[in-house]
Amino acid sequence: SAVISQKPSRDICQRGTSLTIQCQVDSQVTMMFWYRQQPGQSLTLIATANQGSEATYESGFVIDKFPISRPNLTFSTLTVSNMSPEDSSIYLCSGLGGQGGTEAFFGQGTRLTVV
Amino acid sequence: GNSVTQMEGPVTLSEEAFLTINCTYTATGYPSLFWYVQYPGEGLQLLLKATKADDKGSNKGFEATYRKETTSFHLEKGSVQVSDSAVYFCALQPNTGFQKLVFGTGTRLLVSP
């Protein structure tokens, strides 16, 4: 299956600043997603990254806080804006590939700590 | 709506013990079902999957059978190893519309020597 390289793997940031997380896929994928995994919790979908158009956000997530770009079929970024300690989480990107293009694979995750 | 329910952890076992992690789901139609594993400090990796009723997914000694009648997809392994210590997530993917994964809450497995 395809491989996603996600960076940074971890960061410690000051509150009020922003961090951009990048995901590069080694092949073209039709759909990419961004998830948040808060400490001890399951994965929560933030948004679907659409190539060439605005991302589709899930309830409770907004573009001003989590702007997403997807300029082509192999790359996407998620920015966590104006961070607060509550944003401390693991952020994961995901793509659909594999047989039939329906199998989800994940980046290694970005462990974000906001102080 | 679609949902996945997993047994709460942590599950603590000795090496070579038998493992079962329960997973049940609620969905319309016939979703695909997955188990993902997350080792400490890493992202999620697909462990196994099943796409239709009575399918059995298997990988690395782990197995799970898609049971439509009980809406279950329990994960089993006959003999666990210390290296199996991780968090295991059950997930479903609807077979219509937007193919977003729905995850369970995860079950932490701790295997001691």
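What is the volume of the largest pocket? In this predicted model, where local features need pLDDT of at least 70, side-chain atom pairs count only at pLDDT 80 or more, and totals for chains, interfaces and linings use all residues, the largest pocket has a volume of about 750 Å³, a volume being the space filled by probe spheres set on grid points joined across faces, edges and corners. Residues are numbered from 1 along each chain as its sequence is written, chains are lettered from A and ligands numbered from 1 in the order in which they are written, and side-chain values use heavy atoms, with hydrogens and water left out.

**Pockets**
- A pocket is an open set of points on a 1 Å grid over the protein atoms alone, where a 1.4 Å probe fits, with protein on both sides within 12 Å along at least five of seven lines, and lining residues have an atom within 4 Å of a point.
- Of the 37 residues lining the largest pocket, A:Gln37, A:Gly40, A:Ile90, B:Gln38 and B:Arg108 are the closest to its centre.
- The second largest pocket, with a volume of about 310 Å³, is lined by 20 residues, of which A:Phe105, A:Phe106, B:Leu44, B:Gln45 and B:Leu46 are the closest to its centre.

**Contact between chain A and chain B**
- Chain A gives 19 residues and chain B 18 residues to the contact, which means heavy atoms within 4.5 Å.
- The 1 salt bridge counted between the chains (a side-chain nitrogen of Lys or Arg within 4 Å of a carboxyl oxygen of Asp or Glu) joins B:Lys100 to A:Glu58, whose closest N and O atoms are 3.0 Å apart.
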